[in-house]
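These notebook entries record what I looked up on strand pairing.

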Amino acid sequence: MLVRHGRVLLTRTDGEEHWFLPGGRVKLGEPAVVALRREMHEELGITVEDVRIRIVAENFFARPDGSVVHELGLYGECAADGLPDDGEFVGPEGPGSVFRWASAGELAGLDVRPRPVADLLLALPDHPVHLQLGR
C-alpha cells in the first residue's frame, strides 16, 4: 500500500464498482517484497522504497460462478514519488485501471475490498496483523 499525507492509494478496474489496493500476484519463487516492487513498477511506473509487510489476510470468498477462493493476501507498506496528488489518474498499463488517493474519511464511504483490510489502512499497529476473512 502506498501512503502519502494521510491518504492511501486505491485502484479500480473496468467493470468493477469497488476499489482495492494496487498490486498483483507473486510469481513462484519470488519474495513478496520483490513482487510488490515489480507490481508497483508495472502498474504505476514507479520505484518503491522501504517496503514492509504490514497485513496478512486469508480471504475466503465465492466468485459469481459459485467457485470458492482461498486467497492469501500480503499487504506491504511502501513509499514512492512521482504520482499525481489529486484526482483520478491512469498508470502506464492504460485506461483499464484508475487510481486515486483516499483519506480515512473517504475510505469509510467507499466500497473498498476486502473491507477489514481497508478499515486498518490508516491506523496500522507497529507489528504485522493477520486477518482471517470470510470463515
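Which residue in β2 does R4 stand opposite? I looked this up in what is a predicted model, and found that R4 faces R7 in β2.

Entry on β1 and β2. I noted two bridges between β1 and β2, with the strands paired in the antiparallel sense. The two strands form a hairpin, and two residues lie between them. In that turn I checked H5, which has a positive phi of about 50°.

Entry on β2 and β6. I then followed β2, residues 7-13, to its partner β6. Seven bridges join β2 to β6, and the two run antiparallel. I looked up R12 and found V98 as its bridge partner in β6. I also checked how covered β2 is: five of its seven residues are buried, that is, under 20% relative accessible area.

Entry on β5 and β6. Strand β6 spans residues 94-103, and two bridges join it to β5 in an antiparallel arrangement. Here I found F89 opposite F99 in β6.

Entry on the whole sheet. As a reminder to myself, strands of a sheet pair through backbone hydrogen bonds.

How values were computed
Residues numbered from 1 in each chain as written. Predicted model: local features only at pLDDT ≥ 70, side-chain atom pairs only at ≥ 80, totals over all residues. Heavy atoms only, no water. Pairing = 2+ DSSP bridges. Helix = DSSP H or I, 4+ residues; strand = E, 2+ residues; numbered from the N terminus. Buried < 20%, exposed > 50% of the residue type's maximum accessible area, 1.4 Å probe, protein only.
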